[in-house]
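The following questions and answers examine a single protein chain, element by element. Please consult the sequence and the model while reading.

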Amino acid sequence: MTAGYTSCPQDERGLLDLPAWLSEHRPGLKVYCCGPAPLLDAVEAICADWPRGALRTERFVPRHQEGPARNVSFEVVLLRSGKTVTVAPSVSVLQSVQAAGVSVLSSCRHGVCGTCETVVVDGLPDHRDSILDDFERSAGDRMFICVSRSSTDRLVLEL
Ligand code: FES
């Protein structure tokens, strides 16, 4: 399939006619969208019934999170490193893991870039990122440890 690009400067052509472009999904169609949050929110709403994976958005600022994080201490077992760390309420999993001497790549530290993606072996993540969709969140098999926390007292990560 050939990728298509169209330039639609708002000051020349007004707001994008998203319903005209996106109201119906065609087999094989994939849309990648980045831009301001209101545009991404509108695109996600219009494409809500599209097949999983047909729409991918990229945010540059974190999405508003529903509800407060479960801001309590919890234990994280680092399977490959053989270490266990306690994550305090005011500290991220990433900071705790790095303080224990385990190297993890990171970049944005706001849950938008995906660099710190980590496999979850056991436990239930409290997803606070702006990357995963609802289906991916419910799978619970990976998390972004710069912002996400734990809904259980213990997480086991493949680190
Ligand atoms: S460092 Fe960017 S999502 Fe975690």
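Q: Is Arg-109 buried, partly exposed or exposed?
A: This is a predicted model, in which local features need pLDDT of at least 70, side-chain atom pairs count only at pLDDT 80 or more, and totals for chains, interfaces and linings use all residues. Residues are numbered from 1 along each chain as its sequence is written, and side-chain values use heavy atoms, with hydrogens and water left out. Buried means under 20% relative accessible area, exposed over 50%, and partly exposed in between (1.4 Å probe, protein chains only). Because its relative accessibility is 39%, Arg-109 counts as partly exposed.

Q: In which loop is Arg-109 found?
A: Helices (H or I, at least four residues) and strands (E, at least two) are DSSP runs, numbered from the N terminus. Arg-109 has a positive phi, near 60°, in a residue other than glycine. The residue is found in the loop between helix 4 (93–99) and strand 5.

Q: Which residue of strand 2 is the bridge partner of Tyr-32?
A: Two strands pair if DSSP finds at least two bridges between them. Strand 1 (residues 31–34) and strand 2 run parallel and are joined by four bridges. In strand 2, the partner of Tyr-32 is Arg-56.

Q: How many disulfides does a search of the whole structure find?
A: A disulfide is a pair of cysteine sulfur atoms within 2.5 Å. A search of the whole structure finds none that qualify, so the count under this definition is zero.

Q: Which cysteine has the sulfur nearest to that of Cys-47?
A: Cys-47 counts as buried because its relative accessibility is 5%. Cys-47 is in no disulfide, and the nearest cysteine sulfur, 8.4 Å away, is that of Cys-33.

Q: What is the relative accessible area of Glu-44?
A: Arg-59 is buried, with a relative accessible area of 4%. Glu-44 is partly exposed, because its relative accessible area is 23%.

Q: Which strand holds Arg-142, the salt-bridge partner of Glu-117?
A: The side chains of Glu-117 and Arg-142 meet in a salt bridge of 2.7 Å, N to O. Glu-117 lies in strand 5, so the pair ties together parts 25 residues apart in sequence, with Arg-142 (residues 142–144) in strand 7.

Q: How many salt bridges does a search of the whole structure find?
A: One of them joins Arg-154 to Glu-75, the closest N and O atoms being 3.8 Å apart. This pair links distant parts of the chain, Arg-154 in strand 9 (residues 154–157) and Glu-75 in strand 3, 79 residues apart. The search of the whole structure finds a total of eleven.

Technical notes. A salt bridge is a side-chain nitrogen of Lys or Arg within 4 Å of a carboxyl oxygen of Asp or Glu.
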